[in-house]
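Me: I have a structure open and would like to learn how to read it. Can we go through it feature by feature?

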Amino acid sequence: MGGNDNCLPLFETRPTKGRILFQLYAATIFVGISFICVYRVRWFPERGSWTERWTWVGLFVAELWFTLYWLLTVVVRWNPVRRFTFKDRLSCRYDDKSLPGVDIFVCTADPVIEPPTMVINTVLSMMAYDYPPEKLSVYLSDDGGSELIFYAMLEAAHFSKEWLPFCWKLKVEPRSPEAYFRMAATNPPSHDSFMTKDWLMIKKLYEDMKIRIETTIKFGRVPDNLRQQHKGFREWDLVSSRQDHQTILQILIDGRDPEAVDVQGQALPTLVYLAREKRPQYHHNFKAGAMNALIRVSSRISDGPVILNVDCDMYSNNSESIRDALCFFLDQEKGHEIAYVQYPQNFDNITQNEIYGDSLRVLMEVEHPGFDGNGGPCYIGTGCFHRRETLCGKKYSKEFKAEWRSENNRNSEESSSALEESCKSLASCAFEQNTEWGKEMGLKYGCAVEDIITGLSILCRGWKSVYFIPERKAFLGVAPTTLMQNLIQHKRWSEGQFQIFLSKYCPLVYGHKRIPLKLQLSYVPYNLWAPNSLAMLYYVVVPSLCLLKGKALFPQISSPWVLPFPCVVLANRAYSLWEFLSCGGTLQGWWNEQRIWMFKRTTSHLFGLLSTVLELLGLTKATFDVTEKVVDEDVSQRYEQEVMEFGTKSPMFNIIATLAMLNLLSCIGAIKRVIIDNKALDLLALQMLLSGLLVCLNLPVYKGLFFRKDSGSMPPSVTLFSIIFALLASTIAMY
């Protein structure tokens, strides 16, 4: 390289460790599965009854499905890579004036389940990045059109004048005030008297602001004396409802204004509030529609070449994240190929043993690096830095070279009021009519997981993407704190993924000859979450029913054919445990995750399958369920104590409880049979082990059904339903 630092790469890629171990594991599993398939064919019950033969065939089909699904997961894990950045080289190569502008999009939809205080903490953390403030613009999309959110944003704009210089001076991490003061507790992080005074002052300012906002929220509306403090409140005089209102656009901090400075005289980032127009006769396309409105409005106000989008609960936990992302975009050799940089989705409210398996450890730290090694990670809808052109539909060309050093397109001669008015039409309902927005431009419409097909379409236009796991987590959000929230979230994900598989965006069709085959196959396991529920249900229900009847579906314990079954299961789960522990999890956390995945596959994914089929038949319409970010105090306390939350009536809980009761009855019936006839143990041992394992996984369900008396226990109606149906199914199976 001739000793020229300007030629050194800004990032490097390394293969992850443990690949030989994984390949040995995969070979072992494959051999075991082959023996199981031979057994199923060789020992087919030709002389059995019609029911026995079809039961055997059904089990074989389920096992073949599991084999196919497992092979797809092997593809995902076959070649994981890790990325490493060199921010020191970036700083040497680019001064502050040469860095590109960055537009940050924060999306919220409901002030009740996404509290304003949480939203502004995310906004403040984004404004406080270690990045030239004149290059930063933060946009909030409020799809709930709430004046409470707008009021909270006004408070945040005022507080930012104190908070930002405090962060830059003390190099605070994280830069969400709520998270920072919660971690710092009551002790200022300095023995310097001046620092201590500043710390206590900022803490009091934040607490006072928080009290004002929460008081206003309890009141239900912004008081008249506060409404008179800003012209923006007049917009709500014209609002009919949250689903019927004009575009509300307010530039709260105008970064072009030389007087927009903090208490130290330093420039402030631009801060913009947007509630796009909504009318009953227009479909608003959920989050994708909100993002597309932000793309258009921001192109007129700041036009940053780089866009970061986050959910309203995902605050910045690492002030260097922008510079890390720029190491990929600005790399001289490969930067021009990169469309987006995806960060992991992490959470700050995860309990030690992850009662609901919410951390997504293996997904974020094993499977997504596998995506990266296969050709590029998928876009997961939050914590992602985009090249603006790619979101606007630009195709990759080898001749394309971005001019990052150009100044942001800001017209300083136009007043903020005039700019607001000229931008409102860009967020109107009618703007997208007869255009390519939602099709070839912006985020895609017509799917519950618009982020996945948007990322896939970008990669199919020739661009690359990278997945980056920084040493310090970049973003921290709020994970579901009840079982129902978790199941509803995964129902939406599985439904959207299966919609993709059945649509023109199926990776095997849409990605054919556009992206590598191994990357196409990497998408498929997630696309098939919904139909995978059928094989899981068969394996959970049918062996247990046959156990009650005394019909064996597996080899006798004395037969050599029994060996492949425990070998495959033990090897598979042992490697799963190793993955989980290597990602920082605990043994109990891994066990909890096994339970949750069983719940998801028998409920969330099943309902996702049914919803997709009903929608294809035109019997239902698409909906978008926002995950609640707040719960009652007693629910929160049980979550901290890692006590599973039921407490509400739901068809999903009916299924979970019924399956738990069915396997308990099967286990009891099998033990009784073995006591009467000890030869039955040799015949039914594997089925008893399967049923016993399911009983162990369901222990929290039995506690909720019979032993707990708190409000988080199973509702009596669910208990009664599960007992009746389990007894009915058991009686039919036996007789």
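This is a predicted model: local features need pLDDT of at least 70, side-chain atom pairs count only at pLDDT 80 or more; totals for chains, interfaces and linings use all residues.

Me: Which residues line the largest cavity?
Reply: Its lining consists of Val540, Met598, Phe599, Thr602, Ile656, Leu659, Ala660 and Asn698. Two or more lining residues come from each of α20 (587-616) and α22 (651-676).

Me: Now the sheets. How do strands hold on to each other?
Reply: Strands of a sheet pair through backbone hydrogen bonds, and the pairing is either parallel or antiparallel. Here, three strands make an open sheet in the order β8-β13-β10, with mixed pairing.

Me: Why is one side of β8 and of β10 left without a neighbour in the sheet?
Reply: β8 (315-316) and β10 (346-347) stand at the edges, and each has a single partner strand, so one side of each has no neighbour in the sheet. Take β10 as the example. It pairs with β13 (residues 475-477) in the parallel sense, over two bridges. Asparagine 346 stands opposite leucine 476 in β13.

Me: Next, the nonpolar core. Which residues of the largest one touch the most other members?
Reply: First the general idea: in soluble globular proteins, nonpolar side chains tend to be buried together. In this model the largest nonpolar core has 77 residues, and Trp163, Tyr273, Phe385 and Phe475 touch the most other members. Helix α5 (residues 147-170) gives the most to this core, with 14 residues. Apart from it lies another core, of 62 residues, including Phe105 and Val524.

Me: What does phenylalanine 475 touch?
Reply: Leave out residues up to four places away in sequence. Among the contacts of phenylalanine 475 are then Met126, Tyr129, Leu308, Tyr315, Asn346 and Phe385.

Me: How many disulfides does the structure have?
Reply: Zero, in a search of the whole structure. To judge a pair, check whether the two sulfur atoms lie within 2.5 Å. For cysteine 378, the nearest cysteine sulfur belongs to cysteine 384 and is 9.7 Å away. For cysteine 429, the nearest is that of cysteine 107, 17 Å away.

Me: Are those two buried or exposed?
Reply: Buried means under 20% relative accessible area. Cysteine 378 has 6%, so it is buried. Cysteine 429 has 15%, so it is buried too.

Me: How many residues of helix α14 are buried?
Reply: Helix α14 (residues 450-460) has 11 of its 11 residues buried. Among them are Glu450, Asp451, Ile453 and Leu456. Just after α14, glycine 462 takes a positive phi of about 105°.

Me: What should I expect of phi and of peptide bonds?
Reply: Most residues other than glycine have a negative phi, and most peptide bonds are trans. Now look at phenylalanine 286 in helix α9 (residues 286-301). Its phi is positive, near 55°. Aspartate 303 also has a positive phi, of about 55°, although it is not a glycine. This aspartate sits in the loop between α9 and β7 (306-311). Aspartate 303 is partly exposed, with a relative accessible area of 26%.

Note on methods. Residues are numbered from 1 along each chain as its sequence is written. Side-chain values use heavy atoms; hydrogens and water are left out. Two strands pair if DSSP finds at least two bridges between them. Helices (H or I, at least four residues) and strands (E, at least two) are DSSP runs, numbered from the N terminus. A nonpolar core is a set of buried Ala, Val, Leu, Ile, Met, Phe, Trp, Tyr and Cys residues joined through side-chain atoms within 4.5 Å. Buried means under 20% relative accessible area, exposed over 50%, partly exposed in between (1.4 Å probe, protein chains only). Contact means heavy atoms within 4.5 Å. On a 1 Å grid over the protein atoms alone, a cavity is a set of points where a 1.4 Å probe fits but cannot get out, and a pocket is an open set with protein on both sides within 12 Å along at least five of seven lines; lining residues have an atom within 4 Å of a point.
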